[in-house]
Amino acid sequence: MAALTRRHVLAGGAAAAGLVVAWQFIPREYPNPLPVADGERGFGAYLKIAKDGSVTVAVPQCEMGQGVTTVIPQIVAQELGADWRSVAVEAAPASAVYANHVLAREWAQLLWPAGLDSIFADDNAIAARYGDDARFMLTAGSATLANYEIPAREAGAAARALLCQAAAARWDVAWETCQTRDGFVIHDDKRLRFAELVDEAKTFDVPDPIPVRGSIASALAPINESAQTPYPRLDLPGKVDGSVTFAGDIRLPDMLYASVRQGPIGNSRLKSLDRGSADSVTGLIEIVKHERWVAAVASNWWAANQALKKMNVTFETRGNLADDTLVESGLELAFDSGAGKRLYAVGDIGPAFAGGTSHSGQYDVAAMPHATIETSVATARYVDGQLELWLATQSPEMARRAAAGALGLSTDNVVLYPVMAGGSFDRRLENEVAVQAALLARHMQRPVQLVWSRGEEMIHDPVRAPVRAKLAAVTDEAGRVTALSVKIAGPASAREFAQRLFAFSKPHEAMREVSGEYDYMAVHGALAPYAIANKTVDHYPADISVPTGCSRANADGYTCFFIESFIDELARKAGSEPLSYRMQMLGGQARLARCLSNAAVLGGWNGGLDNSGQGIACHKMDVAGRNAHIAIVANARQGDGGIEVERLSAVVDIGRIINRDIVLQQIEGGMIFGLASAMGCATGYEAGLTTARRLRDMNLPVLGNTPEIEIELVENNEDPVDPGEIGVPAVAPAIANALFSASGLRARALPLLANGL
């Protein structure tokens with residue numbers, strides 16, 4: 001079944017809704033997709049056990065540094081009772097069996113037209129069926145644990161039950177009295193290795209219900225004290241010794257290398273080129289022209305890129321060229337149009353604001369590139385109507401469909417070999433490099449590895465959107481907030497991204513197709529967690545002529561900056577200490593309040609006194625239907641060389657901990673990402689190009705100016721949340737608030753100091 005997108009619309013109204021509900025009940029059966037080699041025995045779609053006792057776990061998510069190729073195998077191994085030293089991992093093949101149902105439900109509004117999105121959002125069965133049919137194996141939205149923990153647990157538990165039955169049959173005991181540990185089935189003083197039992201185990205039936213350790217009906221307890229047990233990352237040794245294969249490491253017989261040039265941002269087409277001295281470049285084999293790009297193909301990538309530099313390539317752009325003035329005017333025109341849509345509301349702000357506004361503020365956020373270490377890379381081989389792709393992608397099925405569509409192939413004729421990504425921050429949700437590599441491989445009739453230069457990566461990066469926010473509040477005589485209005489102008493980034501990913505629109509087409517549409521995800525996190533009786537969040541769709549998309553923490557990365565900076569301003573205006581001001585408004589938010597109070601202790605909070613250089617901020621983040629909480633105390637000041645951040649102290653509550661080391665790594669990485677947002681990871685636009693073309697053009701943190709970071713985890717048995725994003729949002733406002741306490745001046749833009757103080 002083809003993916004239903006906003007372009008492929010079931011007719012609106014009750015009839016369409018009836019068709020969708022009926023479609024839900026069409027029978028489907030999905031075979032086990034996991035390939036099994038000689039000497040291996042398959043135990044469902046996630047697990048294989050070899051006759052030598054080694055255990056292989058299939059992971060249906062893209063490894064991009066977040067540790068998913070350790071966490072999912074760890075869950076399986078703990079349920080199974082495997083020896084961690086015997087556990088290996090492989091990428092799961094494309095299959096409905098591995099569909100990310102949680103994300104399909106979260107993104108229902110992006111996949112379906114108005115009127116049908118609510119059906120999918122409210123009906124888990126329909127969202128799951130769509131996820132199955134679309135092979136919705138996307139890695140995004142921090143939905144990995146929410147979607148895959150229980151299937152992974154069940155896979156390990158089912159195999160454990162089968163192995164125990166096989167051993168019990170030999171020992172003539174009840175299988176329920178057997179245990180597994182370190183790769184053995186154990187009963188009293190009797191022990192049998194998994195390797196001795198795999199063939200017999202396949203002859204038994206999996207019990208119903210599957211005997212998962214802990215209770216699935218309620219909160220799942222850690223398995224074998226998993227929060228305390230070290231499980232070293234499976235990908236770490238290969239990354240240290242260089243044996244891990246990234247997309248740029250692929251080597252195929254007779255392979256060629258390509259570099260590409262695309263036009264300015266917008267509706268750009270190739271106009272002319274002058275090969276000139278390009279022919280003098282040793283190793284150049286061919287120049288391949290496309291209506292929207294040109295590629296040089298050579299025996300090595302350096303030669304291909306050098307040839308492009310010598311060709312004097314020119315493009316013709318129809319319509320607006322991306323420019324800072326268009327971004328600025330687009331954001332302000334969005335407010336002036338009055339076309340805002342109220343997306344969240346609590347109480348009624350009308351009467352509260354009838355008496356006037358106590359305080360207001362405007363905040364700006366610049367476009368933020370992903371700035372991944374690895375640029376876009378894909379290797380393709382095309383032979384007799386069959387395409388093979390080696391690619392790091394967060395959306396494997398969409399990559400297959402995009403490449404198949406470009407070549408006029410059936411998706412079944414495209415084989416994708418997923419590899420690890422050298423960083424992503426959601427950049428690898430986009431698959432344009434796969435399409436280009438596929439076209440080049442067919443044209444050359446040889447394998448081609450396409451690598452984007454750093455300049456191409458920066459110019460054609462769908463950035464985290466530049467946005468503008470206008471906040472207003474009414475306070476009572478004691479300074480307590482009685483009403484809060486948050487108005488945010490910015491593009492419908494998530495809807496725009498969905499047009500590119502699911503409808504295969506070109507960037508300028510996607511911007512046009514969602515023009516004027518509101519987007520819940522563009523204001524996510526803006527509904528303050530505080531107990532304010534009346535509060536609203538409005539989105540003002542803005543046309544800014546700059547392609548935008550998903551990024552680490554998405555809108556929470558800037559909405560927290562707006563809210564926590566503004567709350568700090570209100571506290572100062574009320575003459576109140578910023579911590580206590582927040583605490584008195586956190587009724588009903590015990591987990592966030594605990595993070596705040598613990599962070600104050602951890603960070604040595606002194607009240608944010610004048611000239612102290614201390615600032616505080618907190619955030620509650622909805623992650624795949626679960627809640628993550630963070631509070632940060634920052635020590636920072638303005639130095640001669642810019643912002644000097646000395647220390648960041650964070651307390652984080654993400655529920656039950658699966659792998660402590662990975663949690664700490666991801667939160668720390670997220671905090672450094674937030675630090676980059678505060679210090680200068682941004683770009684402007686001029687004449688259709690980004691003003692930042694290299695990593696050195698941005699004030700990215702380096703080891704020399706990375707502050708001391710300390711993290712405390714709050715342990716509980718709430719549903720676990722992926723830790724990759726919660727570290728980002730509260731860093732920038734904590735630093736901004738610290739700068740205020742140090743200087744008395746308020747920075748209301750990201751990057752901080754971009755507009756001075």
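**View 1. The largest nonpolar core of the predicted model, with its most connected residues.** Among the 92 residues of the largest nonpolar core, Phe562, Ile735 and Leu752 touch the most other members; such a core is a set of buried Ala, Val, Leu, Ile, Met, Phe, Trp, Tyr and Cys residues joined through side-chain atoms within 4.5 Å, where buried means under 20% relative accessible area with a 1.4 Å probe, protein chains only. Helix H18 (residues 556–574) gives the largest share of this core, nine residues, helices (H or I, at least four residues) and strands (E, at least two) being DSSP runs numbered from the N terminus. A second, separate core holds 45 residues, including Val57 and Leu197.

**View 2. The surroundings of Leu752.** Not counting residues up to four places away in sequence, Leu752 touches Phe561, Ile643, Ala678, Ala732, Ile735, Ala736, Leu739 and Ala747, contact meaning heavy atoms within 4.5 Å.

**View 3. The six-stranded sheet.** This open sheet with mixed pairing has the order E13-E21-E20-E19-E14-E28, two strands being paired if DSSP finds at least two bridges between them. Strand E13 (341–346) and strand E28 (749–750) stand at the edges with a single partner strand each, so one side of each lacks a neighbour in the sheet. Strand E14 (residues 359–365) pairs with E28 in the parallel sense over two bridges, and Val365 stands opposite Leu750 in E28.

**View 4. Helix H18 on the sheet.** H18 lies across E14, E19, E20 and E28, running at about 150° to E14; axes are lines fitted to C-alpha atoms, for helices over the stretch in contact, and angles run from 0 to 180 degrees between N-to-C directions.

Residues are numbered from 1 along each chain as its sequence is written, and side-chain values use heavy atoms, leaving out hydrogens and water. Because the model is predicted, local features need pLDDT of at least 70 and side-chain atom pairs count only at pLDDT 80 or more, whereas totals for chains, interfaces and linings use all residues.

Definitions and conventions. Buried < 20%, exposed > 50% of the residue type's maximum accessible area, 1.4 Å probe, protein only.
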